[in-house]
Amino acid sequence: DAAIESANSYLESANSSLELAESNLEIATTLNSSASQALVDAQEALDSATAANEDTADEEAALQSAQEAATAAESSLQSAQTALETAQAEVADATSTLQSANNLRDAIESQTDEAVAQDNQDALESATAAAQAQAASNAASSTQAAAQDVADAKEIATDNLISAAQSAKDA
């Protein structure tokens with residue numbers, strides 16, 4: 001049961017990590033969309049300033065910042081996707097670990113049940129053999145007692161015959 005509790009705890013932690021990874025992916029996706037839109041907006045602002053023959057230094061700086069933000073957002077999105085894949089793999093591993101712990105517990109329980117059943121069968125067979133031996137012993141004791149009674153009766157009869165023969169001899 002300790003292995004199962006540990007595996008359950010592992011699975012709970014893996015599921016928590018998965019939830020965080022999914023949340024981070026949503027945030028990174030939102031940031032990536034915002035950065036992509038900022039890049040489009042900065043490019044449009046630069047194009048408008050260029051078309052109007054205005055100084056474009058601010059727009060070029062904004063475009064550069066938007067490009068850097070888009071690159072960072074794309075990197076964050078890729079990291080979030082990788083973290084999600086890792087968390088999904090961890091959940092799969094935790095689920096497998098829990099299943100293995102349950103299978104092991106079931107196998108041990110089955111073997112224990114088989115061993116107890118065999119021990120019970122052995123005890124029953126031993127008790128039956130002991131009861132049969134006791135019955136045989138009781139029968140042998142009864143037979144021996146009966147034989148002793150017969151022997152005692154024959155001894156008495158023999159003693160009586162000897163006595164009668166002695167008396168006849170003396171007469």
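Colleague: What share of the 171 residues in the protein is buried?

Modeller: Buried residues make up 16% of the 171. Here "buried" means under 20% relative accessible area, "exposed" means over 50%, and "partly exposed" lies in between (1.4 Å probe, protein chains only). A quick word on the model: it is predicted, so local features need pLDDT of at least 70 and side-chain atom pairs count only at pLDDT 80 or more, while totals for chains, interfaces and linings use all residues. Residues are numbered from 1 along each chain as its sequence is written, and side-chain values use heavy atoms, with hydrogens and water left out.

Colleague: Okay, how many helices and strands does the protein have?

Modeller: Helices (H or I, at least four residues) and strands (E, at least two) are DSSP runs, numbered from the N terminus. This protein has two helices and zero strands.

Colleague: What span should helix α1 have, and how far apart are its end C-alpha atoms?

Modeller: The expected span of a helix is 1.5 Å times one less than its number of residues. Helix α1 covers residues 2–51, so its 50 residues should span 74 Å. Its end C-alpha atoms are 72 Å apart, which agrees.

Colleague: Which residues have the most contacts inside the largest nonpolar core?

Modeller: The general idea is that nonpolar side chains tend to be buried together in soluble globular proteins. A nonpolar core is a set of buried Ala, Val, Leu, Ile, Met, Phe, Trp, Tyr and Cys residues joined through side-chain atoms within 4.5 Å. The largest one here has 16 residues, and L11, L18, L25, L84, V91 and L98 have the most contacts inside it. Helices α1 and α2 (57–170) each supply at least two residues of this core.

Colleague: Which residues is V91 in contact with?

Modeller: Contact means heavy atoms within 4.5 Å. Leaving aside neighbours within four places in sequence, V91 is in contact with L11, A14, N15 and L18. Across the protein, residues 24 or more positions apart account for 83% of the contacts with a separation of 6 or more.

Colleague: In the loop between α1 and α2, is T56 buried or exposed?

Modeller: T56 counts as buried because its relative accessibility is 14%. With neighbours within four places set aside, T56 is in contact with L46, A49 and T50. N53 sits in that loop as well, but N53 counts as exposed at 73%. Its phi is near 55 degrees, a positive value in a residue other than glycine.

Colleague: Last one: how many salt bridges does the count come to?

Modeller: Side chains of opposite charge can pair when their charged atoms come close. The rule asks for a side-chain nitrogen of Lys or Arg within 4 Å of a carboxyl oxygen of Asp or Glu. By that rule there is one salt bridge. R105 forms it with D106, the closest N and O atoms being 3.1 Å apart. R105 is partly exposed at 36%, and D106 is partly exposed at 41%.
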